[in-house]
Amino acid sequence: MTDTVGDGTAERQSSPPTRRVVEMMSILVDRADETLTLAEIVRITGIPRGTAHAVATQLCALGWLTRHRDNSFALGPEFLTVSRRAARLDLVAAAAIPAMRELVRTTGVPAFLARRAADVVTVAEQVTPDSSPDSWVPPLRRMNLRPPLCREFVAWADAEERERWLEQAPHDQRPRLEAVLDAVRERGYSIERTTGHHRAIIDTLGSLDEMPAQLRSRMSELVSELSAIDYLPDELTGEVGAVSIGAPIFGPDRSVIASIVACPDSTMSSDELTELGTAARAAAGTVSTAIQR
């Protein structure tokens with residue numbers, strides 16, 4: 001049996017083992033308030049008993065199912081943990097999209113949602129002004145959490161995580177980055193201050209996660225050589241350039257799980273930048289409050 005993709009460009013063989021796992025988990029999710037014996041699972045799904053036993057045993061080993069003393073099965077702790085994470089992400093999107101729309105409406109600046117999972121940040125939902133739908137926002141992509149990127153995800157972290165992040169930077173960049181993390185935490189948002197071709201280099205750095213570590217390090221050095229990283233307090237004076245402003249979204253445990261990023265990609269007065277940063281921080285704060293209830 002084959003499944004043809006809508007545009008006809010690819011075909012995928014169906015996977016009976018995968019289907020059986022999904023069928024078994026779906027039944028147990030539908031009946032999450034009860035337990036099921038192997039015989040009941042076989043009767044409901046039609047999966048052969050030997051196959052059902054093998055699948056259930058493996059799912060128990062992975063923590064996705066729990067086997068009780070009477071040999072009945074229920075959802076396991078690992079599956080419930082993953083489910084809660086997925087539900088939390090849905091809550092983030094549900095709260096962030098209207099907050100971003102309001103931010104874009106009031107500022108005229110496009111914005112996107114960045115999400116963190118472990119040490120990977122994904123550029124997710126994007127909102128652009130109706131009057132300027134071609135405004136710059138970064139392409140949908142994933143990037144590893146490493147300097148000088150994703151500072152708003154690190155500024156509120158504990159000392160150990162901050163140190164791990166800093167250790168990935170060239171040694172001569174670390175004092176600047178450490179001061180920048182303190183500044184980001186103090187004002188409530190990060191600022192990407194580069195413009196034009198500098199931004200293209202940062203986009204490239206964020207997308208080349210498979211490049212050798214030595215080459216990544218050299219790319220980081222080039223970014224640093226082309227422009228200073230973020231702004232320290234005494235540098236926010238007069239006319240300033242900003243590609244993006246990232247404000248953190250805090251999860252129930254007060255860790256930064258996402259951020260709302262406004263993308264002015266322009267030069268403005270320091271007062272205007274502060275006003276936009278305050279608006280982005282307020283939008284992210286609204287999301288934090290919503291998901292912590």
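Modeller: Start with burial. Buried means under 20% relative accessible area, exposed means over 50%, and partly exposed is in between. Keep in mind that this is a predicted model.

Biologist: Why is C60 called partly exposed?

Modeller: The relative accessible area of C60 is 21%. Buried needs a value under 20% and exposed a value over 50%. C60 therefore counts as partly exposed.

Biologist: And what makes C150 buried?

Modeller: C150 has a relative accessible area of 12%. That is under 20%, so C150 is buried. Across the protein chain, buried residues make up 44% of the 293 residues.

Biologist: Next, the aromatic rings. Why is the pair of W156 and F250 called edge-to-face?

Modeller: A search of the whole structure finds two aromatic pairs. In the one formed by W156 and F250, the centres are 5.6 Å apart and the planes make 80°. The cut-off for a pair is 6.5 Å between centres, and planes over 60 degrees apart count as edge-to-face. Both conditions hold, so the label is edge-to-face.

Biologist: What makes this pair a tie between separate parts?

Modeller: W156 lies in the loop between β8 (142-144) and α5 (159-166), while F250 is in strand β11 (residues 244-250). The pair therefore ties together parts that are 94 residues apart in sequence. W156 and F250 are both buried.

Biologist: How do you know that the charged end of R254 sits over the ring of F250?

Modeller: The charged end of R254 is 4.5 Å from the centre of the F250 ring. The distance limit is 6 Å, and the charge must also be within 35 degrees of the ring normal. R254 is listed as sitting over the ring. R193 does likewise over the ring of Y231, at 4.0 Å from its centre.

Biologist: Now the backbone. What makes D230 stand out?

Modeller: D230 has a positive phi of about 60°, although it is not a glycine. D230 is found in the loop between α8 (213-226) and β10 (239-242). Its relative accessibility is 0%, which is under 20%, so D230 counts as buried.

Biologist: What makes the bond between P147 and P148 cis?

Modeller: Omega is about 0° at the peptide bond that joins P147 and P148. P148 is in the loop between β8 and α5.

Biologist: Last, the sheet. How do you know that β4 and β5 pair?

Modeller: Three bridges join β4 to strand β5 (residues 72-75), and the two run antiparallel. Pairing needs at least two bridges, so β4 and β5 qualify. L65 has L75 in β5 as its bridge partner. Helix α3 (residues 49-61) packs on the sheet and touches β4 and β5, with its direction at about 105° to that of β4.

Biologist: Why are β3 and β4 called edge strands?

Modeller: The open sheet has three strands in the order β3-β5-β4, with antiparallel pairing. β3 (36-37) and β4 (65-67) each pair on one side only.

Terms used
Residues are numbered from 1 along each chain as its sequence is written. This is a predicted model: local features need pLDDT of at least 70, side-chain atom pairs count only at pLDDT 80 or more; totals for chains, interfaces and linings use all residues. Side-chain values use heavy atoms; hydrogens and water are left out. Rings of Phe, Tyr and Trp (its six-membered ring) pair if their centres lie within 6.5 Å; planes under 30 degrees apart count as stacked, over 60 as edge-to-face and the rest as tilted. Helices (H or I, at least four residues) and strands (E, at least two) are DSSP runs, numbered from the N terminus. Buried means under 20% relative accessible area, exposed over 50%, partly exposed in between (1.4 Å probe, protein chains only). Contact means heavy atoms within 4.5 Å. Axes are lines fitted to C-alpha atoms, for helices over the stretch in contact, and angles run from 0 to 180 degrees between N-to-C directions.
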